Amino acid sequence: MTIFNSSAWIVAPIIIPLIGGLLCFLWRRDTFFIALFISLANLLSVTTLLRQFLLFGPLRYRMGGWEAPLGIALRLHGPALLMLLMTAVSGIGITLYARGYFSFRISALKHNNRHEQQERFFWPLWLMLWTALNALFLSGDIFNLYVTLELVSVSAAALAALSGKPASQIAAFRYLLVSLLGSLSYLLGVVFVYKTYGILDLEMLRQIATPGPGLQMALTLMTLGLLLKTALFPLHFWLPPAHANALAPVSAILSGLVVKGSFFILFTLWFEIFASSITANALDLIGLLGAGAVIWGSLQAIRQQRLKLLVTYSTVAQLGYLFIAFPLTATENISQEVWTAVTFMVMAHSFAKTAMFMAAGTIFLQVGHDRIRDLAGIRKSLPITSFAYAIAGVNLIGLPPSGGFIGKWLLLTAALTSGQWHWSLVIIAGSLLASVYVFRVVSRLFLTPDEAIIQECRPHSPLQEWPALFLAIIALLLGLIAPYFSLILETTEIVANLAPGGGL
Amino acid sequence: MIIKSRRKNKRRPFDPILLLVLLLTIGLTALLIKANYTIPVTSFGLAAEVARFQPRSGVESPVTAVLLNFRGYDTLLEVMILLIAVIGVWSLTKAPFPQKAVKTSPVQLAVVRLLAPLMCLVAAYLVWQGSHLAGGAFQGGAILGGAGVLLLVAELPWLRTIHSRPLRIGLLIGPLFFLGVALLGIINGRELLTYPGKWSGSLLLLIESTCAVSIGLTLASLFAGGRPADDLIGQTKTPACNREQKRC
Amino acid sequence: MTDNILAAFDLVLITTLLLLAWKLLSCEDIFTAVVLFISFGLLMALAWVRMRAPDVALAEAALGAGLTGPLLLAALRRMERIRKYERRLDLDEERNDYKKPKKKQAPPL
Amino acid sequence: MLTNNLYNLCGLLLFGMGLFALFACSHLLRKILAVNIMSSGVFLVLIATAYRPLGAGEIDPVPHAMVLTGIVVSVSVTALALILACRVQETSNHSLSQSERNTNDGDSEE
C-alpha cells in the first residue's frame, strides 16, 4: 500500500475541499453530491493521515520543496490531527443536514427563489470554509496562519450574511469587522515576531524564542486578536447575534468549527511555540476571563426566551472552560493531561453544539418559531430531533460517558492536583448552570402535561433529523474511546523533541 | 456593546466610554511604540536566503520569486480569498450588475475607447515585467480591474449581455490553472507547488497571466456589486423583486 | 546634503500621512472622507517608493486609486440612493414568508 | 536606522488612530475606512522594518511579498464589507440602534 504512505496526503484535506468549492461555484448542478463526495474523500484522506501518524509519528511537509526559513511548512501533530478528524466528521453531518434543510425550505416555504439562491451559494462557501479550517490546522508558518485566518473570516462572514434578514446582515457586518480587527492585531504581532527573529516558521521559532520585550508585545497582540475571534468573555459581544441570526447549518458551522480555529492557534502559540515566555499572571488572567465566560454565558443562556439564543450563549459559556484550562498548565507534571482535557472539550463541544444547532434549526423550521415557552410536546412530532437535543445537552452538562465529562473530569483533577482548587468550583458551578439551561428546554420537549398542544409537523426528510442525532451520539461516545486519544496526543511529546525538518 | 452606546452619545463631548476607549488606544499605541524601540535588531530577515535560492526559482525579481515560488502557497490561498469575496458579494445582491441602460456621453465613450485598450496593454506589460522588475499578476490584474471599472462606469450596453457561465469560467481560470500547476508537483512525485526545474520560468509567467486575467475580472465584479442578469433565479416572478430591480 | 533633503522629505510625508488619516477619520462629511482616503492611498504609494518597495507601490497605486476608491464611491452612491427610498421590502417579505401565517407569531417589532 | 524608526512610528500611530476611529465612528463606511487605515499602518511597520538605505545591503523581499498579499486581502475584504454595509442600510431602517433590538429577538429564520 505504498500510495497510502505517500507524504502528499497531508495536502489532501486542503486541496480536496478546495477543488470541491471551485467546482460547486462553476458547475452549480448536483452541488450536494459534489459536497458529499468531497466530504467522504476528505474523511478518507484524514483517515490515511491518522494511519500514517500512528505508523511514523508527526509529519512535516515542505511546500514547494523549499526548506523552512524560506518556504512554508505544513505540520501534522497530535492536536492538529484530532482537529482535522473533528472537522471531517462534523463536516459530513453538516453537509447531510444542509441538504435536508435547504430542500425543505425550498419545497415548503414561500419565496423558494431566495432559498434556492441561498443553497446555491452555501455550498461553495462552506467548502471554502472547510478548506480554510483544514489549512489552518495544518499550517506551520506564522504568516500563513494569518492568511488562513483571513480565509476563514471572509468565508464565515459571507456565510453568516447568507440568511438575508436585516438582523443577520448587521450581525454579519459586525462579525466581519471584528474578525478583521482580530486578524490585523494578529498580523501586527507577526510583524513584531519577524522584526525580532526574522523567521516565520513555527518550529524554528519554538527553538530560538526567548523571553523579551519584542516577543512579549507580539504575544500580547496576537493573543488579543485571537481572543477577540474566539469570543472570550468580555470580547464576546459580537458572537450571539452573528451565530443566532444565521441559517441553521451556518450557525452549526460557526459555533461548532469556526471559533475552534482561532482557539487552536492561540493554544498552539501559548503552550507549544512560545511556552517559555508565558508568565503565570497572564495564565491567571486568561483563566479568570474564562471563569467569567462560564458564569456569565450560562446565566445569559438561562435567561433567554429563544432556543437559538440559548444555544448561542451556551457557546460563550463552553468556550470559557477552554480558557480555565490555561492556568492549570502551569504545573509541570500535569500539562499533558490538560492538553488532553482541552482537546476533549473542544471535540465534544464541537459535536454537541453542531447537533444542538441542527436540532434547533429543525424545530424552528417545523414549528415556525423558537420560543422556548411554546415548544411543549415537540417530542411527539420530532422524536429524533428532541432526542438529539437531549443527548447533546448531556454533553454540555458533562455527564458520563460523554466527551464533555472526560474533559471536565480531567480539568477537575488537574485543578485539584495542582492545588488551584478555586477553578474546580467554577467548573462545577458551570455544570450546574448548564444543567439548568439544558433541562429547561428538555423538560419542555419531553415532560409535557397531557393537554399540551401537539404542534403540527410538515413532511420532512430524514436528513433533517438524523445527522443531529448522529453527531450527538458521537459526542456521547467520545468518552469511551478516550484512551486512543491520549495515545495520539502523547505522540505530541515526540514532536516536541524533533528537530525542524524532521518527521518524515 | 461598546459600539451601540457610542452611537447614541455621539453629540456629547464627554462620553465616558469614548474617553475610556481613547485612553485604552493611547495606552496600547504607547506600549507598541515603546516595544518597537526596545526590540534589539538581531536579525536581517530572510534576504540572504532568498538571494541564495533565487537562481533556482525561475524568475529574476526577488519579490515575484517569494510570491510565486518560495511562498507560493500563501499566494494560492490569497487568490482564493479574492474568489470567496466575489462569491460572497454575489450571494448578497439581487440586482444584475449594469443596473440601468443609460446613454453614455460621446466624450466618455471616446475616453473609454482610448483608455481601456491602453490599460490592457499596460497590464500585459506589467505582468511580463514582473519576472525581472517590479510588477506581476496582482499589479497587472489591478490595472485590468481598473479597465473593467472604467467600462462599468460608462455603463456600456453590451455589458448587460455578459452571461454568468463565461464570467465564472473567467473568474476561475487563474485559480484553477495555479492549482493545476501546483498539483503537477505531486504528480511528478515531489511536493505541492514544486515547479519542474527548467520550465518553471515559463510556467510562472503562464500562472501570472491567467491569474492576472482572473484577478482583473474578480476586481471588476467586486466593483460591479451585482451578478450577470442570467445568474438570478427567477427574480422577475415576484412583484416585490421587480420593484427592487427598478430601484436598485 | 542629500541626507538632509531626504530627512525633510520623510518628515513632510509622514506628517501629511498622519494629518490626512486624522482628517479623514474625523471630518463631518463622509464623501470628503472617501476622497481623502483615495489621496491617502496615493501618498502611501509614495511612501512605498521611498521605502524601496516598488512592487508594493505599484499594487497600492493600482488597487488603492483604481479600485478601492471607485468601490467606496460606488458604495456611497448606493447608500445615498437607498436612504432616499427608505425601502422596507425585505421586512414585508419576511412577515409573509409562511404559507399559513399565524397572527400571534408575528415578530414583535 | 532613523528612517526605519520614523516610518515605524508613523505606522503604529496610524494603527492606533484607526483602532480608535473603529470604535468611535458610527458610520459604517467610516468604520471600513478605519480598518483600512489600520492595515496600512501595519503594512508600513512591516515594510519599514525591511528597509535599508541605498548601499546598506539587500532589502528583504519577504516582507514585501507579505504586504502584497495583505493589500490584496484587504481590498477583497473591503469590497465584501462595503456590500454588506449597503445591505445593512437597505434592510434595516437605516438606523443601527433600532435593528439592534431585532437582533435580540433571535427571530432569524422566517
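pLDDT is the predictor's confidence in each residue, on a scale from 0 to 100. You will want that scale at hand, since this is a predicted model, in which local features need pLDDT of at least 70 and side-chain atom pairs count only at pLDDT 80 or more, while totals for chains, interfaces and linings use all residues. Residues are numbered from 1 along each chain as its sequence is written, and chains are lettered from A and ligands numbered from 1 in the order in which they are written.

Let us start with chain A. Its mean pLDDT is 90, and 95% of its residues reach 70 or more. Chain A has 19 helices and two strands; here helices (H or I, at least four residues) and strands (E, at least two) are DSSP runs, numbered from the N terminus. Confidence in chain A is highest in helix 5, at a mean of 97, and lowest in helix 19 (residues 482-496), at 68. Over residues 493-504 of chain A, pLDDT stays under 50, and the model has 22 contacts beyond four places in sequence for them. Two residues are in contact if their C-beta atoms, placed from the backbone, lie within 7 Å. Please take care with such a stretch: where pLDDT is low, the predicted coordinates should not be read in detail.

Now for the overall form of chain A. Its C-alpha trace spans about 70 × 55 × 45 Å along the principal axes. A compact globule of 504 residues would have a radius of gyration near 23 Å, and the 22 Å of chain A agrees with this. That radius is taken over C-alpha atoms, and the globule rule is 2.2 Å times the number of residues to the power 0.38. Of the 504 residues in chain A, 68% are buried. A residue counts as buried if 20 or more other C-beta atoms lie within 10 Å of its own, exposed if 12 or fewer, and partly exposed in between, with C-beta atoms placed from the backbone.

Ser424(A) is partly exposed because 18 other C-beta atoms lie within 10 Å. Leaving aside neighbours within four places in sequence, Ser424(A) is in contact with Leu412(A), Ala415(A) and Leu416(A).

Next, turn to where chain A meets chain B. Here 44 residues of chain A are in contact with 46 residues of chain B. Helix 5 of chain A provides the largest share of the chain A side, nine residues. By class, that side has 28 nonpolar, 12 polar and four charged residues. Ala, Val, Leu, Ile, Met, Phe, Trp, Tyr, Cys and Pro count as nonpolar, Asp, Glu, Lys and Arg as charged, and the others, Gly among them, as polar.

Chain B also touches chain D, with 32 residues of chain D in contact with 40 residues of chain B. Helix 3 of chain D gives the most to the chain D side, with 15 residues. That side holds 21 nonpolar, seven polar and four charged residues. Chain D itself has four helices and zero strands, and 76% of its 110 residues are buried.

Finally, look within chain B at helix 7 (residues 137-154), whose 18 residues should span 26 Å at 1.5 Å a residue; its end C-alpha atoms are 26 Å apart, which agrees. The expected span is 1.5 Å times one less than the number of residues. Helix 7 of chain B is mostly covered, with 15 of its 18 residues buried. Just after helix 7 of chain B, Glu155(B) takes a positive phi of about 50°.
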